[in-house]
Amino acid sequence: MKKESVGIVETEIFNLPGELVLDSGKKLKNVNVAYETYGKLNPQKSNAILICHALTGDAHAAGLHSGESKTGWWDVLIGPGKTIDTNRYFVICSNVLGGCKGSTGPSCINPETGKEYGTSFPFITIKDMVKVQKELIDHLGIKKLFAVIGGSMGGTQVLQWSVTYPDSLSKAIVIASTARSSPQQIAFSEVGRMAILSDPDWNNGDYYSGNAPIHGLALARMIGHITYLSDDSMHHKFGRRLQDKKDLDYNLGFDFQVESYLHYQGQSFTKRFDANSYLYITKALDYFDLAVNGSLIEGMKKARAKFLVVAVSSDWLYPPYQSKEVVSALSANDIDVTYREIESNYGHDAFLLESGQLGYIIGNFLSHTLVSDIMKREIKTIRNGLSIEETAQVMFESGITHLPVVDDENKLTGIITSWDISKAVALKCNSLDKIMVRDVITAKGNEDIESAAKKMEQNFISALPVVDDNNRIIGIIGSDEINRMIGGCQ
């Protein structure tokens, strides 16, 4: 399949209704969420994937903004025919609460004062960020996400989703991340924050009408960027090569290419990010800990999604042992989890750079879809004994073409289709018993969607009731949602 770009995209803004109550107990009014979407939401709203960005990311994950040449930060994986195929999936990415790319954060205007929040902005957590995302998903009318995917800080959001809203996602993909920030991670964040707080221009966070603390923010970015790399990647990329010179200068200016690179990274970062947002978001990461009473097993016990956990061999910011802790906790709770480790010398940045390995791993995980991943769970059923007119009325009011018939224990006893109703009217039949199909072809929740599709094709039917081992109905799956997952949009 040809891999293409999603093309020109626009960032949209959703305003949360009412007040947002934060973990701290503080409240925020007039909260905005900047987000982008790619692909189309199917009628069942079962093909939505939420992408969670990393520390300094934004909602622009794919495509191009009008008049710009830089594609979204994960454009290599998101688009028609790509790993996260927008012919099949409806992809959503939002800027986190506390950010500076359209979502409410310290640089936004406080409606109560008419000035930027600055340090009057309340402290936030990863859970608060996810709470805002859930508000957005609800606004879009999506009751259950097909998948939530994120790397680095995005991975912490995925894990938070899995325990806070366990019934709202089918699959969780966590890349180069952790379930609780380690002392080393907190230490690096604190050094970065101190670089900003020590800048004379920080002015206690009230710098928006004057000079921004760009030197402190640049230094914070330089410190952080070192942790995103690895010793091997720095040797390979820079070695001990000098920058635009043949000999050492023997002064305090930079001599080596690696120094020049870090200065460039720091200076360019100050043009696109707010120093106060950096302070608040890194603090939210420090607070992140899914363990309950020190137990990660206890903390992960509410999760219900199927997990893919991916680590990077050379990552020393979020080393593989932390991903393995997540896997162990999930396994101890008998939760379906797959672990993969990418061999790469890129360090933590591999989650953005190793598109080949990631594409293969994520693609296989997403494509192995079960009936339970996409079936419709909220279904209308009827009991035997209703008249044809009453049955037709239920189908008409619910906008459905297949109506399961169940007994008092919710066990499937038959099914009525719109075709059966039409036949009953033509034959002037008044009894449900005479027209309903009793030998119903069904699917199981743990059945591959390819198997369900084959049943539909062989029996010339467009929907299958989904039952458990006791023949109790738990959902229904139609050909439309299966075709979108298997064959893409036509």
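Which residues are buried in H1? I started there, keeping in mind that this is a predicted model. My list for H1 reads Ile126, Asp128, Met129, Val130, Val132, Gln133, Lys134, Leu136 and Ile137.

Then I checked the geometry of H1. Helix H1 covers residues 126-139, 14 residues in total, and spans 20 Å from its first C-alpha to its last. That is close to the 20 Å expected at 1.5 Å a residue. After the helix comes Gly141, and I found its phi positive, near 80°.

**Helix H2**

I went on to H2, residues 153-164. Its twelve residues reach 16 Å between the end C-alphas, close to the 16 Å expected at 1.5 Å a residue. Eleven of the twelve are buried, so I wrote H2 down as mostly covered, with buried meaning under 20% relative accessible area. The buried set includes Met153, Gly154, Gly155, Gln157, Gln160 and Trp161.

**Strand S14**

How many residues of S14 are buried? I got five of the five in residues 402-406, so the strand is largely enclosed by the rest of the structure.

Next I looked up the partners. S13 (residues 382-383) pairs with S14 in the parallel sense over two bridges, and Arg383 stands opposite Val406. S15 (residues 412-417) pairs with S14 in the antiparallel sense over five bridges, and there I found Leu403 opposite Ile416. S14 and S15 make a hairpin with five residues between them. In that turn I picked out Asn410, which has a positive phi of about 65°.

**Domains**

Last, the domain layout. The assignment gives domain 1 as 12-182 + 275-369, domain 2 as 183-274 and domain 3 as 372-488. I noted that domain 1 is written in two segments, with domain 2 falling between them in the numbering.

I put the C-alpha centres of domain 1 and domain 2 at 26 Å apart. Their contact takes 34 residues from domain 1 and 31 residues from domain 2. Together they bury about 2900 Å², 56% of it on carbon and sulfur atoms. On the domain 1 side, Ala275, Tyr278 and Trp316 lose the most area to domain 2, together 24% of what that side buries.

What is the salt-bridge count between domain 1 and domain 2? I found one. Separately, I logged Asp286 with Arg193 as a salt bridge, the closest N and O atoms being 2.6 Å apart.

Methods:
Residues numbered from 1 in each chain as written. Predicted model: local features only at pLDDT ≥ 70, side-chain atom pairs only at ≥ 80, totals over all residues. Heavy atoms only, no water. Buried < 20%, exposed > 50% of the residue type's maximum accessible area, 1.4 Å probe, protein only. Helix = DSSP H or I, 4+ residues; strand = E, 2+ residues; numbered from the N terminus. Pairing = 2+ DSSP bridges. Expected span 1.5 Å × (residues − 1). Domains from an automatic or database assignment. Contact = heavy atoms within 4.5 Å. Buried area = accessible area lost by both parts, 1.4 Å probe. Salt bridge = Lys/Arg side-chain N within 4 Å of Asp/Glu carboxyl O.
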